[in-house]
Amino acid sequence: MLRILCLVLCGLLTTARADPGALLRLGMDIMNREVQNAMDESHILEKMAAEAGKKRPGMKPIKGITNLKVKDVQLPVITLNFVPEVGIFQCVSTGMTITGKSFMGGNMEIIVVLNITATNRLLQDEEMGLPMFKSEGCEVILVSVKTNLPSNMLPKVVNKFLDSTLHKVLPGLMCPAIDAVLGYVNKKWANVNAPMPVGQMGTVKYVLTSIPTTTASYIQVDFSPVVQQHEGSIIQLADAGEALGFPEDYAEGSSQLLLSAAFLTAELALLQKSFDVNVQDTMIGKLPPQTTETLARFIPEVAEAYPKWKPLVTQIRINKPLEVTMKTGKSLLHLHGTLEMFAARRPGKALAPLFLLETHFNLKIQYSVRENRLQMSTSLDRLLSLSRGSSSIGAFNEKELTGFITDFLQEAYIPAINDALQVGLPLPDFLDMNYNLVELNIVENALVLDLKLHRPGQDLPASCLHTTNRLHAVGEPTWSPTTRAASLDEE
Ligand SMILES: *[C@@H]1O[C@H](CO)[C@@H](O)[C@H](O)[C@H]1NC(C)=O
């Protein structure tokens, strides 16, 4: 009973203080690209044009102007700004041409330029546990109105048209565009917390720790990744002890993903079984033949036991949890286990055990990214300890074997480890992120992926934070002077 209680309570406690194992910092670069992509994919331009062309109940005819049409909607320019603790301020600048026939028979054209602004609040979808933007306070701001109507012709009529028609119609027409774009951005989070395979051994899920936070220069998403074996048990992340953080030296507007050493340790734990390796080839790389005769050069006792040489079989068993550590610029995989050597006898006969060594060694990890998975490749860093356990050939000085075992690990064991590591570790799948251009940095207790995008050197567009004329606000719009014909503000 107590045990059950503890299982429940301890379970609650661990989830309550769940240390994020991965952090994502989304700068303006990614958000800009995402919103632009969403615009392209949502075909918002075409939809706006189609909507604008429709007859609407609020659209009163202008006296003396017939055949009213919306001719074209300009390619919208979107600008974004982070709003601390809230989300993103979004501005869509676009324009359209309204055409008609004036009663004098001439063609009339009104070119309207407008900004649509809204605050996209960043929330967490309760049901799905995903980040979600929700737009608030959509406003349409008239930037300029130009017309080719002769100056003596009814600026009042046009003013009235703008007042009664555009003021009423545009927000309803344009604000859904903001929502449509957000809908596309939101959808691109859908897979982030889905389980992704690590070979045949298990899965990783990037579960959000809490609602993402927004600062003046980025959005931060904290993940408490769930690493789960195929039989179902969850591998707990070791408590990192200190809070994880990004180094401060990344460029303004850039985006990074940080993976803690504790998280990578848990992921590799899924693969630990495949780090148990049997080596029975006699000829391996540059190594001397793996036989009792070679071994006897270091341990004469072997020659006494096996006057006629036999092939060697070596079994490595990792018997303690492995660990990944990171110090600036260097990452190690710590392995503790046993290395047992056998003499192979004739086929069909059992292996004859020679001796067993307890060992601790480190591998240096090199990280890279391929096909949106984190790849690791190792090389021997140091053989830290070698101590004799059982021996069927009597006592011997195992230190004599240091060089032989070091070469063996490098040539025979590490290739097997690197093979097992080739499955790669899945990276979070969000906003169609393509990780192929990332730059990797090993920092204190974490690996940082600097998320470089495809389109480098693009300038951020001008912002339209400072709003002047809100269509839904009371008051006359201020017209910018027209280039052609009449200017509406000379009355
Ligand atoms: C409209 O948006 C553009 C940027 O897209 C900005 O330069 C301009 O100042 C904005 N105009 C108004 C009136 O808000």
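Modeller: What follows is a reading of this predicted model, from the whole chain to single residues.

Biologist: How many helices and strands does the protein have?

Modeller: The protein has eight helices and 22 strands. Of its 491 residues, 48% are buried. The accessible surface comes to about 24200 Å², and carbon and sulfur atoms account for 54% of that surface.

Biologist: What share of the contacts between residues at least 6 apart in sequence joins residues at least 24 apart?

Modeller: That share is 70% in this protein.

Biologist: Let us turn to sheets. How do the strands of a sheet pair in general?

Modeller: Strands of a sheet pair through backbone hydrogen bonds, and the pairing is either parallel or antiparallel. Strand E15, residues 312–318, pairs with E17 in the antiparallel sense over seven bridges. Strand E16, residues 323–327, also pairs with E17 in the antiparallel sense, over five bridges. With strand E18, residues 352–370, E17 forms an antiparallel pairing over 12 bridges.

Biologist: Which residues stand opposite one another in these pairings?

Modeller: Arg-317 stands opposite Thr-338 of E17. Thr-338 in turn has Glu-358 of E18 as a bridge partner. Lys-327 has Lys-330 of E17 as its bridge partner.

Biologist: How many residues lie between the strands in the hairpin of E16 and E17?

Modeller: Two residues lie between them, and in this hairpin Gly-329 takes a positive phi near 85°.

Biologist: What is the strand order in the open sheet of four strands?

Modeller: The order is E7-E8-E11-E12, with antiparallel pairing. Strand E7 (196–198) and strand E12 (234–235) stand at the edges; each has a single partner strand, so one side of each is left without a neighbour in the sheet. Strand E11, residues 226–229, runs antiparallel to E12 and is joined to it by two bridges. Val-227 has Ile-235 of E12 as its bridge partner.

Biologist: Which helix packs on this sheet?

Modeller: Helix H5 packs there, touching E7, strand E8 (202–205), E11 and E12, and its direction makes about 10° with that of E11.

Biologist: Where is Gln-272 placed?

Modeller: Gln-272 is in the loop between helix H5 (261–271) and strand E14 (277–279). Gln-272 counts as buried because its relative accessible area, 15%, is under the 20% cut-off. Not counting residues up to four places away in sequence, Gln-272 touches Ile-318, Lys-320, Pro-321 and Leu-322.

Biologist: Is Leu-295 buried or exposed?

Modeller: Leu-295, in helix H6 (residues 292–296), is buried, with 0% relative accessibility. Leaving aside neighbours within four places in sequence, Leu-295 is in contact with Val-302, Leu-312, Met-341, Leu-354, Phe-355, Leu-401 and Phe-404. Leu-295 and Trp-309 are 14 residues apart in sequence, with a C-alpha to C-alpha distance of 9.8 Å.

Biologist: Which residues other than glycine take a positive phi?

Modeller: Two cases may be considered. Glu-85 has a phi near 65°, a positive value in a residue other than glycine. Glu-85 is found in the loop between strand E3 (77–83) and strand E4 (87–102), and is exposed, with a relative accessible area of 71%. Asp-432 has a phi near 55°, again positive in a residue other than glycine. Asp-432 lies in the loop between strand E20 (425–426) and strand E21 (439–443), and is partly exposed, with a relative accessible area of 46%.

Methods
Residues are numbered from 1 along each chain as its sequence is written. This is a predicted model: local features need pLDDT of at least 70, side-chain atom pairs count only at pLDDT 80 or more; totals for chains, interfaces and linings use all residues. Side-chain values use heavy atoms; hydrogens and water are left out. Buried means under 20% relative accessible area, exposed over 50%, partly exposed in between (1.4 Å probe, protein chains only). Contact means heavy atoms within 4.5 Å. Two strands pair if DSSP finds at least two bridges between them. Axes are lines fitted to C-alpha atoms, for helices over the stretch in contact, and angles run from 0 to 180 degrees between N-to-C directions. Accessible areas come from the Shrake-Rupley method with a 1.4 Å probe; for residues, only the protein chains shown count as cover.
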